[in-house]
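Open the model in your viewer and keep the selection panel at hand. The tour goes stop by stop.

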Amino acid sequence: MSICILGIESSCDDTSAAVLCDGKLLSNVINTQEIHRKYGGVVPELASRAHQQNIVLVVKEALEIAGKSMRDISAIAFTKGPGLLGSLLVGSSFAKGLAVSSNIPIIGVNHLHGHIFAHFIRESTESSVNPTFPFLCLLVSGGHTLIVLVKAYTQFEILGSTIDDAAGEAFDKCAKVMGLGYPGGPEIDRLASTGNPTKFKFAKPNIPGLDFSFSGLKTSFLYSLRDNIKNNSNFISDNLNDLSASLQSEIVNILLDKLSKAVKMTGITEIAISGGVSANSGLRNGLTKLGQENQWQVHIPKIKYTTDNAAMVAQVGFYMFVDGKTDSIDILPQARLSFSV
Ligand code: KG4
Ligand code: ZN
């Protein structure tokens, strides 16, 4: 009998549902909430309301595209955390209600495990190369910056993490001070493509080991704008592409320096990147080049699986279901879920 997992993701501002049967992804519907753009960042209360409005239609569409009904679904996997509590509550309550009415189990998935296992998503017709264990994963998103040693489907070790802002947050906050919209990462990436990455220099963090820091870079970026605006009130608009390219290059260098250090420390050359910032073209190109120079096996996810999506939740849910790891109906979402749970 087929194993079909319905995945539901609602940790932040994307309402998403996916159907994955026997290891193959059949659908992945994502509704990105546009309402936050005008506020320059995600407004938690509006996010949970939008999830409530979207979730029924998103799940219905995911089932329709997959050509499945709830009778075909073996279990529902949903994001249990980390994320915005109000948003998580909508996804988890919906998953529980649907599971009870369909008489099937639920599986709470750690969102961060989802980002890592996005590399294992397979669409029906393709055959491609998965990372092999053990591998190093640089997980870079709006809320997290981690270097994880992935030993097996359920065995992880965090080798480094940020002591302040996440990489995506650094992109978004610097974009905001340049007057760009939210989320700023994709906009900086676009502007950087025609800018000079060596035009401006910003303070480099000096953090020991494999940990990261981005708050100093953000402050240095802010001060540099403030000082230059004194002489030229159009400084930002006159230099938007070069500022974007220089900032992106600094962030990418910080990330790749630590990743290289992790390779030296562990001797592992099987490398993956994941999370929203792994969509960044500077990071993708930089890692590809570094991989070629050092004979690393580099795994770069498809753009559509970099930012939040339910396919990655269904993927982890599939492994957990096969392992017999389902949850009881009283499972609660957790905003601050640690990586290992
Ligand atoms: O993984 P994700 O969708 O949500 C979290 O779990 O946080 O990541 C969102 C983050 C945002 O900070 C966004 O600006 C960043 O990913 N991002 C990018 C790019 N696309 C998304 N940052 C840099 N370049 C991009 N192309
Ligand atoms: Zn995410």
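This is a predicted model: local features need pLDDT of at least 70, side-chain atom pairs count only at pLDDT 80 or more; totals for chains, interfaces and linings use all residues.

Residues are numbered from 1 along each chain as its sequence is written, chains are lettered from A and ligands numbered from 1 in the order in which they are written, and side-chain values use heavy atoms, with hydrogens and water left out.

**Stop 1: the ligand**

Select ligand 1. It sits in the largest pocket. A pocket here is an open set of points on a 1 Å grid over the protein atoms alone, where a 1.4 Å probe fits, with protein on both sides within 12 Å along at least five of seven lines. To sit there, more than half of a molecule's atoms must lie within 2 Å of the grid points.

**Stop 2: the shell**

Now show the 20 residues around ligand 1; Gly142, Asp172, Asp189, Gly276 and Asn280 come nearest. A residue counts if one of its heavy atoms lies within 4 Å. By class, the shell has 5 nonpolar, 12 polar (Gly is put here) and 3 charged residues.

Color by helix. α3 (111-117), α4 (167-177) and α5 (184-192) each supply at least two shell residues. Helices are DSSP runs (H or I, at least four residues), and strands are too (E, at least two).

Color by domain. Domain 1 (4-127 + 305-322) and domain 2 (135-303) each give at least three residues to the shell. The bounds come from an automatic or database assignment.

**Stop 3: polar contacts**

These are N or O pairs within 3.5 Å.

- Asp189: a side-chain N or O atom is 2.9 Å from a nitrogen atom of ligand 1.
- Asn280: a side-chain N or O atom is 3.0 Å from a nitrogen atom of ligand 1.
- Gly276: a polar backbone atom is 3.0 Å from an oxygen atom of ligand 1.

The protein covers 88% of the 550 Å² of accessible area that ligand 1 has on its own (Shrake-Rupley method, 1.4 Å probe).

**Stop 4: the backbone**

Select Gly81 and Pro82. A cis peptide bond joins them, with omega about -5 degrees. Pro82 lies in the loop between β4 (75-81) and α2 (85-102).

Notes: A polar contact is a pair of N or O atoms within 3.5 Å; within protein, one must be able to donate a hydrogen and the other to accept it, and residues adjacent in sequence count only if both atoms are side-chain atoms. On a 1 Å grid over the protein atoms alone, a cavity is a set of points where a 1.4 Å probe fits but cannot get out, and a pocket is an open set with protein on both sides within 12 Å along at least five of seven lines; lining residues have an atom within 4 Å of a point.
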